[in-house]
Amino acid sequence: MKEQSPAAAHMTLATVRGWVRDAGRIALLSGAGMSAESGVPTFRDAQTGLWARFRPEELATEDAFRANPATVWDWYAMRRDMVAKVAPNAGHAAVAAFQQRHPNRLTVITQNVDGLHQRAGSPGVLALHGSLLEDKWLDAPRPCCLSQPPLEGRPPRCAVCGNLRRPAVVWFGEMLPVDVLAAAEAAARACDLMLVVGTSGVVYPAAGLARSAAATARMVVVNPDASDLDDAAHAVLRGTAAALLPQLLQEDT
Ligand code: OAD
């Protein structure tokens with residue numbers, strides 16, 4: 001992890017609140033830390049209990065699913081159940097409330113697959129890594145797959161050809177959805193301010209959106225710990241999403 005520049009370290013919450021007030025267009029790029037205070041473990045901290053012996057990078061791939069479909073399906077089912085039991089936090093709520101007060105001024109780009117921005121009421125969320133709450137066919141669906149509901153199972157499958165249902169998330173080594181990435185790149189280009197919340201900044205192309213925005217807009221990192229994007233930031237606010245976002249985005253900004 002790199003340290004932020006000395007100038008970025010001296011920027012205060014009040015300064016960044018002024019940037020929020022002045023910005024015509026804002027993009028907010030979120031990562032797993034955005035949902036930490038809702039009780040969703042961050043991606044790299046998520047492995048407990050039965051799952052502790054697996055690395056997420058070894059489960060979140062097409063090869064892993066094809067080799068062990070039930071194991072990977074069960075891992076996602078566990079994460080889906082966990083997300084169903086939690087609620088958006090004060091950070092998600094502050095973002096959604098700002099968007100409702102200022103239509104079309106703030107675009108949420110998220111790496112999270114938990115749906116919590118959407119549940120908080122954020123419109124038009126650009127979910128770069130898909131959704132944990134949805135499934136899709138593993139192989140291109142044939143007419144038989146589409147003609148009847150899949151057989152229940154772990155994972156569910158087509159009764160005729162055996163095609164499997166898989167989580168509608170982006171796995172390691174897969175392309176991001178082209179239209180979502182294009183919209184996120186456009187939002188990053190158009191913004192005057194990008195808030196980068198709760199991401200380690202190590203996974204691309206998501207982290208690249210923050211780096212490219214920093215060339216033409218103010219870029220602010222909100223994270224209690226050091227991140228890989230601190231060196232590119234115009235300000236680094238050390239604190240959590242649920243504590244800082246309400247202060248940054250509150251009514252009088
Ligand atoms: P990580 O788990 O890599 O990083 C989480 C970040 O959140 C860390 O920098 C923490 O310091 C920070 N953090 C923890 N608690 C926080 C809080 N309460 N408020 C704000 N920040 C907090 O998660 P991501 O950066 O999202 O991709 O990981 C990016 C991608 O890597 C994920 O979308 C996933 C994974 O590979 C795919 O599955 C394709």
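Biologist: Which residues of helix H6 are buried?

Modeller: Buried denotes a relative accessible area under 20%, exposed over 50%, and partly exposed anything in between, with a 1.4 Å probe and protein chains only. Helices (H or I, at least four residues) and strands (E, at least two) are DSSP runs, numbered from the N terminus. In general, an α-helix has 3.6 residues a turn, so residues three or four places apart point the same way. In H6, the buried residues are Gly91, His92, Ala94, Val95, Ala96, Phe98 and Gln99. The model is predicted: local features need pLDDT of at least 70 and side-chain atom pairs pLDDT 80 or more, whereas totals for chains, interfaces and linings use all residues. Residues are numbered from 1 along each chain as its sequence is written, and side-chain values use heavy atoms, without hydrogens or water.

Biologist: What covers the buried residues of H6, and which side-chain atom reaches the backbone nitrogen of Gly91 at the start of the helix?

Modeller: Contact requires heavy atoms within 4.5 Å. The cover includes helix H2 (13–22), E1, strand E2 (106–110), helix H7 (116–120) and helix H11 (241–249). At the helix start, a side-chain oxygen of Asn89 comes within 2.7 Å of the backbone nitrogen of Gly91.

Biologist: In what order do the strands of the open sheet lie?

Modeller: Strands of a sheet pair through backbone hydrogen bonds, either parallel or antiparallel. The criterion for pairing is at least two DSSP bridges between two strands. Here 6 strands form an open sheet in the order E3-E2-E1-E6-E7-E8, with parallel pairing. Strands E3 (126–127) and E8 (235–237) are at the edges, each pairing on one side only.

Biologist: How many bridges join E6 to E1 and to E7?

Modeller: E1 (residues 26–30) is joined to E6 by 5 bridges, with Ile26 opposite Leu193. Another 5 bridges join E6 to E7 (residues 218–222); there Met194 has Met219 as its bridge partner, and Leu195 stands opposite Val220. E6, helix H10 (residues 206–216) and E7 make a right-handed β-α-β unit, where right-handed means that, with the strands pointing away from the viewer, the path from the first strand over the helix to the second runs clockwise.

Biologist: Is strand E6 enclosed or open, and why?

Modeller: E6 (residues 193–197) is largely enclosed by the rest of the structure, because 5 of its 5 residues are buried. Leu193, Leu195 and Val197 are buried on one side, and Met194 and Val196 on the other.

Biologist: Which residues have the most contacts inside the largest nonpolar core?

Modeller: In soluble globular proteins, nonpolar side chains tend to be buried together. A nonpolar core is a set of buried Ala, Val, Leu, Ile, Met, Phe, Trp, Tyr and Cys residues joined through side-chain atoms within 4.5 Å. The largest has 26 residues, and those with the most contacts inside it are Ile109, Leu128, Met194, Val196 and Met219. Two or more residues each come from E1, helix H9 (178–190), E6, H10 and E7; H10 gives the most, with 6 residues. Beyond four places in sequence, the contacts of Met194 include Ala27, Leu29, Leu209 and Val220.

Technical notes. A polar contact is a pair of N or O atoms within 3.5 Å; within protein, one must be able to donate a hydrogen and the other to accept it, and residues adjacent in sequence count only if both atoms are side-chain atoms.
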